[in-house]
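Student: I'd like to learn how to read a structure feature by feature. Could we take one together?

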Amino acid sequence: MKKYSLLSLFTNGLNGHKRWPQAWRDAEPKRSYDVVIIGGGGHGLATAYYLAKKHGITNVAVLEKGWLGGGNTGRNTTVIRSNYFYKESTNFFDHSLKLYEKLSLEFNYNLLLSQGGITTLAHNRHDLEVLERWANSMQVQNVDSEMLTPEQIKERMPLIDISPTSRYPIWGGFVQKRGGVARHDAVAWGYARGADAMGVDIIQNCEVTGILREGDSVRGVETKYGVIKADKVAMCVAGHTSVLGAMAGLELPIVSQPLQAMVSEPVKPCLDGVVLSPAVHAYVSQSDRGEILIGGGADRYPSYSQRGTLPVTEETLAAAATLFPAFGSLKLMRQWAGIVDISPDSSPIMGKTPVNGLYISGGWGTGGFKAIPAGGDCLAYTIANDKPHDLIEPFGLDRFARGAFIDEGAAAGVAH
């Protein structure tokens, strides 16, 4: 990848940053590819990157209906963690976390990874017993976790209210110290630069309007540029997975709902890492710009809105102010929502579909951003070899017919 000297940085700064070369090519679509990936967010770009890097498949197009990273990749709360309960989830997400830890060096591009830890709170005896089981399950699987007393939680985040008179008294919790946050747009840009450098075509403003089938096999896609042929097509479109699936004749067990986030005015550093309370349905961190970033539960109805509703906003802000009373005096700067596609067991749907040559990466719910590296790595393997990677075989679409659910509703971290 291109490196820049201090002189070039200085010169471009004096020129008003108008002469920087493009970070990736603005490619024109070809009539056919070996693989077409629908969705230019983190998962689509990571899949293309690993197809090229690990499997030597570079005749690949990534089709994005808007701008690169403009969907859920650019609208999430940037949390990275692997603190799941079941071994299938823990193994997959810890693989993703390990890849995240090396990506800045691999890309020669700073993703602003900050591993300040993620702390999950218990507000009664039942919560605490559940968290103890959860933390023990992680330790058995060689994933870091540590139980905390209320006093230890207060030491980690001095502004939190641990008083017994609090509306939701804190009985304890557990921390995964390797958890944290990363810059979401930098993740997309890093994968885009890497994929482009290996010959992948990234085509923005190219909406897919149809998926072409010939019998039980996929043959390409229809776009505003016309038909683009490919014998392998991957759907990496987050909240619109069921919409794309319907184009191929698939009825997917997915519900799409808005998931809100919001930030306060910036303040001096006062919170390291992420704190999550499943009981009050809120999680809080501080961005690199000083804003207090707050997320909550999904809205209560199916929708493709990217705004969300006022009642959920109010509930989420009230929950955050309950945990951190000092935050109640801050002004809210921005509010938005992503579209999460929630499966019946709150676990992803990955791998092959009943249509030959059509692959899926969806059903991520609230876990899509943290899964980008592993999702791309495992889906690329699956596409290249036409068989599921071992880490995602349990997350196949066929598990619902077999009743082999991986119920991670609790570890997903917010109300579904």
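Tutor: Let's begin with burial: buried means under 20% relative accessible area, exposed means over 50%, and partly exposed lies in between (1.4 Å probe, protein chains only). Before we apply that, note that this is a predicted model, in which local features need pLDDT of at least 70 and side-chain atom pairs count only at pLDDT 80 or more, while totals for chains, interfaces and linings use all residues. Residues are numbered from 1 along each chain as its sequence is written, and side-chain values use heavy atoms, with hydrogens and water left out.

Student: Is Ala234 buried or exposed?

Tutor: Ala234 counts as buried, because its relative accessibility is 0%. Its place is in strand 12. Helices (H or I, at least four residues) and strands (E, at least two) are DSSP runs, numbered from the N terminus.

Student: Which residues does Ala234 touch?

Tutor: Contact means heavy atoms within 4.5 Å. Leaving aside residues up to four places away in sequence, Ala234 touches Val36, Ile37, Ile38, Tyr359, Leu379 and Ile383. As for Ile211, it is 23 residues from Ala234 in sequence and 11 Å from it in space, C-alpha to C-alpha.

Student: With which strands does strand 12 pair?

Tutor: The general idea is that two strands pair if DSSP finds at least two bridges between them. Strand 12 (residues 232–235) pairs with strand 1 (residues 35–38) in the parallel sense over 4 bridges, and there Ile38 has Met235 as its bridge partner. Strand 12 also runs parallel to strand 19 (residues 358–362), joined to it by 3 bridges. In that pairing, Val233 stands opposite Leu358.

Student: How should I read the sheet with the order 9-10-11?

Tutor: Read the order across the sheet, then ask how the strands run. Here 3 strands form an open sheet with antiparallel pairing. Its edges are strand 9 (208–214) and strand 11 (226–229), each pairing on one side only. The twist averages 30° from one strand to the next. For such angles, axes are lines fitted to C-alpha atoms, for helices over the stretch in contact, and angles run from 0 to 180 degrees between N-to-C directions. Strand 10 (residues 217–223) is joined to strand 11 by 4 bridges in the antiparallel sense, with Val221 opposite Ile228.

Student: What is the strand order in the open sheet of 8 strands?

Tutor: The order is 5-6-4-14-15-16-13-17, and the pairing is mixed. Strand 5 (146–148) and strand 17 (332–342) are the edges, each pairing on one side only. The twist here averages 20° from one strand to the next. Within this sheet, strand 13 (residues 255–264) and strand 16 (residues 292–298) run antiparallel and are joined by 4 bridges; Ala261 stands opposite Gly295. Helix 8 (residues 310–323) packs on the sheet, touching strand 4 (118–122), strand 13, strand 14 (274–277), strand 15 (282–286), strand 16 and strand 17, and its direction makes about 125° with that of strand 16.

Student: How do helix 3 and helix 9 meet?

Tutor: The axes of helix 3 (residues 87–107) and helix 9 (residues 372–385) come within 7 Å and cross at roughly 105°. Angles under 35 degrees count as roughly parallel, over 145 as roughly antiparallel, 65 to 115 as roughly perpendicular and the rest as oblique. Helix 3 and helix 9 are therefore roughly perpendicular to each other. In this contact, Phe92, His95, Ser96, Leu99, Tyr100 and Leu103 of helix 3 meet Ile372, Pro373, Ala374, Gly375, Asp377 and Cys378 of helix 9. These residues divide into 8 nonpolar, 3 polar and 1 charged. Here Ala, Val, Leu, Ile, Met, Phe, Trp, Tyr, Cys and Pro count as nonpolar, Asp, Glu, Lys and Arg as charged, and the others, Gly among them, as polar.

Student: How many disulfides are there?

Tutor: A disulfide is a pair of cysteine sulfur atoms within 2.5 Å, and by this rule the count comes to 0. Cys236 is in no disulfide, and the nearest cysteine sulfur, that of Cys378, is 12 Å away. Cys236 is buried, at 8% relative accessible area.

Student: And where does Thr78, with its positive phi, lie?

Tutor: Most residues other than glycine have a negative phi. Thr78 has a positive phi of about 65° although it is not a glycine, and it is found in the loop between strand 2 (60–63) and strand 3 (79–80).
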